[in-house]
Amino acid sequence: RKVSVVLNSQAVIGDTDPRLFGAFVEHLGRCVYGGIYEPGHPTADEQGFRHDVLELVRELAPTIMRYPGGNFVSGYNWEDAVGPVDKRPRRLDLAWMSTEPNTFGTNEFIDWCRLADIEPMLAVNLGTRAGDAARNLVEYCNHPGGTAWSDLRKEHGWEKPHNVKFWCLGNEMDGPWQMEMKTAEEYGRIATEAAKMMKWIDPSIELAACGSSGRNMPTFGAWEDTVLQHTFPHVEWISLHTYVNNYAGDTPAMLASPDLMDGFIEEVVAIADSVAARAHSSKRIMLSFDEWNVWYRTRRNKAERVKPGWPVAPEILEEIYTMEDALAFGGMCLSLLNHADRVKCACLAQLVNVIAPIMTETGGPAWRQTIFFPFAQMSHFGRGRVLRAEVDSPTYAASYFDPRGKDDLYFPMPAVPYLKMAAVEDPETGAVTIFALNRHLEESMPLDVALKDFGTPSLIEALQLRHDDLKATNTKAHPDEVAPTALTGVSLSADRIQATLAPASWNMIRVG
Ligand code: AHR
């Protein structure tokens, strides 16, 4: 049956923050080495930055980039990777069982960000290290000069401070896989003390405390509550991580799973606001969804995660994304947009080769994975006022399998609307972009959008992402197998948009 949507120009969820469209570069596999950085590659510049990758990054349009981890950061000595490259030590990386050559470090990352026109976001090591190393890194990066650390930066060739604004206080500190995992009490204390010193050096910075590494962690909820009770006066953000899977081979459930991300966000907002209430504070902690993606094929499979012999830049976590993954991924984009009032920052994990929208061959070409397209469309056209869409859609029942807790977890989802969507108005041009996911695998969806108080729109552009084979992928040999095509048959009248969405499709309709 027809799926009806009402969009009212006065009903607004919130404005997107530019940092909602971020991504993530970790020292992991071939994300840095062979990804963004490959001296000697035919497209590399004198700093070793691959320009074929940079071009795709510009097209993808991430706004902020998290670095250097991830699990990697919990054993990182940032001092190893600054200064003369030939003097930098090689270290064992216990997060990914590889050898870290440290030929790329903080300064190179900042230069790469500036070249790509992306804001840098740095994470500090609160695993094997604590406040002292963190405050020294802030001094090295942000202090203008006249002290040992800031003068060392100058000596290394970076005269001006990097002025990094956004800092993560560690990574996934609740996870047993983390180097020096902590209890919520331990982490809350260490994060608080690190935060105080970091802000004494540079009061303009913003800090994100680690939330749970997943909603299915046994300590989820209690962790956020305890950590925020400690850190509340010192941080602006709490982090969230979600990786959607299809371990069960159940596509409808996988496509339903972004709705669990909605629930996760709402629960973290409730906990953060309850901490604020108990502190009698009007301060609102914002959410930084600083890891999100589809990830499962290369996750539980040890051979895809660890290569023997401590290699440099091993080919690990090189998830090859399908059409079906792009649909689930698009659903996650919608969850982020529809919580633009509280999720003010998010990082697609990751950027190149490692669970990434961009793939490269070391020494060879670079190409777009299927998930590239929903992200690029969201980043280009999802900025502005997110409208509160009233959706009337038929639903289906699903049961989503998520194996990360102590026991296998099945989330019953009795009423999943076939349509998941978001609508964003560009306040400058008045253009409205509708992002719409048809989760029905067999049936086309007749969509009817009523527009209230928008004037008479005309069609700017309509695109769809679909493929007859849900397992289709983009590869070096067939880099454009899955790509957006025109969505035809969109009709507009004074107060209506009508379209037919193909089964299992991601769509973008822009009017203005
Ligand atoms: O993004 C891959 C890994 O997933 C990150 O290093 C870690 O934070 C998470 O578990």
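How many bridges join strand β4 to strand β7? Four, and the two strands run parallel. This is a predicted model, so read everything that follows on that basis.

Let me place the pair. β4 covers residues 64–67, and β7 covers residues 119–124. Across from arginine 66 stands methionine 121 in β7. Helix α2, residues 106–116, lies across both β4 and β7. Relative to β7, helix α2 runs at about 155°.

Eight strands close into a barrel, with parallel pairing. The order is β3-β4-β7-β8-β9-β10-β11-β12. On average, neighbouring strands of this sheet are turned by 30° against each other, direction ignored.

How many residues does each domain bring to the contact? Domain 1 brings 40, and domain 2 brings 42.

Which elements give two or more residues to the domain 1 side? They are β17 (395–402), β18 (409–417), β19 (419–425), β20 (432–438) and β26 (505–511). β17 gives the most, with six residues. By class, the side of domain 1 that touches domain 2 has 25 nonpolar residues, six polar and nine charged.

Conventions: Residues are numbered from 1 along each chain as its sequence is written. This is a predicted model: local features need pLDDT of at least 70, side-chain atom pairs count only at pLDDT 80 or more; totals for chains, interfaces and linings use all residues. Two strands pair if DSSP finds at least two bridges between them. Axes are lines fitted to C-alpha atoms, for helices over the stretch in contact, and angles run from 0 to 180 degrees between N-to-C directions. Two residues are in contact if their C-beta atoms, placed from the backbone, lie within 7 Å. Ala, Val, Leu, Ile, Met, Phe, Trp, Tyr, Cys and Pro count as nonpolar, Asp, Glu, Lys and Arg as charged, and the others, Gly among them, as polar.
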